[in-house]
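Welcome, and thanks for taking a look at this one with us. Below is a short tour of its nonpolar side chains, starting with the aromatic residues.

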Amino acid sequence: MGRPVTIVGAGVAGLCVARALRDRGLAVRLLDRAEVPGPQACSWWAGGMLAPHCEGESAEEPVVRLGADAADWWAGHGIAVTRGGTLVLSQQRDRADLRRFARRTTHHDTIDAEAIARLEPDLAGRFSQALHFAQEGHLAPRAALATLRDGLLRDDVPIVRQDADPDALARDALVVDCRGYAARDALPGLRGVKGEMLILRCPEITLSRTVRLLHPRIPLYVVPRGDGIFMLGATTLETAAGAHVSARALLELLGAGYALHPAFAEAEVIEIGVDSRPAFPDNLPRISRQGDVIRVNGLYRHGFLLAPALARMVAAYICDNKEPEVMQ
């Protein structure tokens, strides 16, 4: 298979690229500053929503189109995907926001209180109207990262703990730089967008699918993790993340959770997270090349949704000389 392609960064982008290249028969090695996926990576704090049609409310068309096959890609690589759809709700006072969300998106049904109760019995009587995006789903990000990593190891892909410089490595081999926000020194215009999230334990509530609440201060999404565990997220602030979640974000996330269901007021907060999502000015991902370094970056808040498509593009670029759609 010749000299291995070296991938720097073992977050969701790096792992997906490694998987796509290995599936094409290339020798690959993966370098990362940490031995295993963990809180040092933006991917660790992701919601794991595979919701391309919902994203169309604010994202550009490529996000919707390129994310359409993400659920199938993840399921095809051994990752459990829950395909219950996405439920988008608003309180009565915010009904105009629900109508606006509906106008900006496709592939949804408008459902009434009775249908909401059938889909999510614990929300019965709380909302009179919702949008149901039946084709969407979600996954557990940390389990997905671990499954990809384990599969690569089984397929003889070495994963080495090394804080590597892609440009230095490129003297000896082709390198794919998937370092996310850490690559800002090499990518003018790359910025960090702060995201904050909570993980709660609330066994009093059962949800089967991702629920989005259109809240006037902070649009909330709640992703069930099973066994009474929920991920609540997330803020999107135009600043790089510090080490801790802000008090404002904590109050607003909990307040929005309470608006969805009062039982969240008694939930146990088991984890609080913050990260810097790498994004370009247009919030679209890019694949660029500088010599023998291919850089994959700018996934913004669409990491698990768009990483499979970008990985396939990188594989086609290296193996077939097919220029990626998002090439810059």
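## Aromatic residues

Let's begin with Trp73, which is buried because its relative accessibility of 9% falls under the 20% cut-off. Keep in mind as you browse that this is a predicted model. Trp74 is buried as well, at a relative accessible area of 0%. Phe304 is likewise buried, with a value of 3%.

These residues belong together: Trp73, Trp74 and Phe304 make up one aromatic cluster. The structure has four aromatic pairs. In one of them, the ring centres of Trp73 and Trp74 are 5.0 Å apart with planes at 85°, so this pair is edge-to-face. Trp74 also pairs with Phe304, this time in a tilted arrangement with 5.4 Å between centres and 35° between planes.

## Nonpolar cores

Which residues touch the most other members of the largest nonpolar core? They are Ile7, Trp74, Val176, Ile287 and Phe304, in a core of 71 residues. Helix H10 (residues 303-320) is the biggest contributor, giving eleven residues. A separate second core has 27 residues, including Leu200, Leu213, Phe230 and Leu232.

Leu254, Val269 and Ile272 form a nonpolar surface patch of about 210 Å². Val269 sits in strand S15 (residues 268-279) and is partly exposed, at 39% relative accessible area.

Terms used. Residues numbered from 1 in each chain as written. Predicted model: local features only at pLDDT ≥ 70, side-chain atom pairs only at ≥ 80, totals over all residues. Heavy atoms only, no water. Core = buried A, V, L, I, M, F, W, Y, C linked by side-chain atoms within 4.5 Å. Buried < 20%, exposed > 50% of the residue type's maximum accessible area, 1.4 Å probe, protein only. Helix = DSSP H or I, 4+ residues; strand = E, 2+ residues; numbered from the N terminus. Patch = residues over 30% accessible without salt bridge, like charges linked within 9 Å, V, L, I, M, F, W, Y side chains within 5 Å. Areas by Shrake-Rupley, 256 points an atom, 1.4 Å probe, with all protein chains shown as cover. Salt bridge = Lys/Arg side-chain N within 4 Å of Asp/Glu carboxyl O. Phe/Tyr/Trp six-rings, centres within 6.5 Å; stacked < 30°, edge-to-face > 60°.
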